[in-house]
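Here are my notes on the model you sent over. Have a look at the sequence and structure first, then read on.

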Amino acid sequence: MENGVQQTPATTTPPSPPIPKVGVAVFLLKGSKVLLGKRLSAVGHSTFALPGGHLEFGESFEECATREVKEETGLIIDKTEYLTVTNNVISEKVHTVCVFIRAVPADVNQKPETLEPEKCAGWDWYEWNNLPKPLFGPLEDMVRSGFSPFPTT
Ligand SMILES: Nc1ncnc2c1ncn2[C@H]1C[C@H](O)[C@@H](COP(=O)(O)OP(=O)(O)OP(=O)(O)O)O1
Ligand SMILES: [Mg+2]
C-alpha cells in the first residue's frame with residue numbers, strides 16, 4: 001500500500017487457445033455463371049471468392065447464406081441447398097470449416113452491389129469454364145479437384 005491507496009490485485013485470464021470457426025460460402029448460380037468478388041480482407045487478399053461469412057450463434061446454414069449474401073451484395077437468394085463442407089487450415093491463426101451452399105438469385109435481373117467495400121472490390125458473374133485468377137485458396141482447391149456446384153440434370 002502506498003499513500004493509503006489499496007491496490008486491487010489484477011485478475012488475469014489465461015489466453016484461450018484458438019479454435020476453428022465455421023464459415024458459410026455461397027455458390028450463387030445464374031445459368032452457367034457464378035458470382036465472385038475480389039477479396040480485400042486480410043485472409044485471401046486480392047483473390048476471387050464466393051460471397052459468405054461466419055456462422056452466427058443459433059443460425060442455420062441456409063439462414064447464414066441468405067444473410068451474408070444480402071449483407072455483401074444486396075441480392076435476395078432462393079432455393080438454398082447444402083452442397084459440401086471443407087476443412088481449411090488457411091494460416092497459423094485462421095482455421096475455418098466452410099459449409100458450401102448453392103442458391104439462385106430470386107430475381108435474375110437484380111444487380112449485385114458492393115455493400116462492404118472494405119471487404120470486397122466488387123461483384124460480378126463469371127462463366128464457370130472461364131473463372132478469374134487467382135481464386136481464393138479453398139475455392140481453387142475445390143475447382144482443381146473437379147468439383148462442380150451445378151445440379152446434375
Ligand atoms: N470461397 C470460400 N472457400 C472457402 N472458405 C471460404 C470461402 N469464403 C469464405 N470462406 C471461409 C473462410 C473465411 O475465413 C470464412 C469467413 O468468410 P469471410 O468472407 O472472411 O467473412 P466475412 O468477413 O465476410 O464475415 P464475418 O463478418 O461474418 O466475419 O469463411
Ligand atoms: Mg465474406
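1. A definition to start: on a 1 Å grid over the protein atoms alone, a pocket is an open set of points where a 1.4 Å probe fits, with protein on both sides within 12 Å along at least five of seven lines, and lining residues have an atom within 4 Å of a point. This is a predicted model, where local features need pLDDT of at least 70, side-chain atom pairs count only at pLDDT 80 or more, and totals for chains, interfaces and linings use all residues. Residues are numbered from 1 along each chain as its sequence is written, and side-chain values use heavy atoms, with hydrogens and water left out.

2. Now the largest pocket: 39 residues line it, and Arg-39, Gly-53, His-54, Thr-96 and Phe-136 lie nearest its centre. Among the elements that each supply at least two lining residues are strand 1 (21-30), helix 1 (61-73) and strand 6 (95-105). Helices (H or I, at least four residues) and strands (E, at least two) are DSSP runs, numbered from the N terminus.

3. Check the backbone at Pro-134 too: the peptide bond from Lys-133 is cis, with omega near -10°. Pro-134 sits in the loop between strand 7 (120-127) and helix 2 (137-144).

4. Two residues other than glycine have positive phi: Ser-46, near 70°, and Lys-79, near 55°. You'll find Ser-46 in the loop between strand 2 (33-39) and strand 3 (48-49), while Lys-79 belongs to strand 5 (residues 77-89). For background, most residues other than glycine have a negative phi, and most peptide bonds are trans.

Notes:
Chains are lettered from A and ligands numbered from 1 in the order in which they are written.
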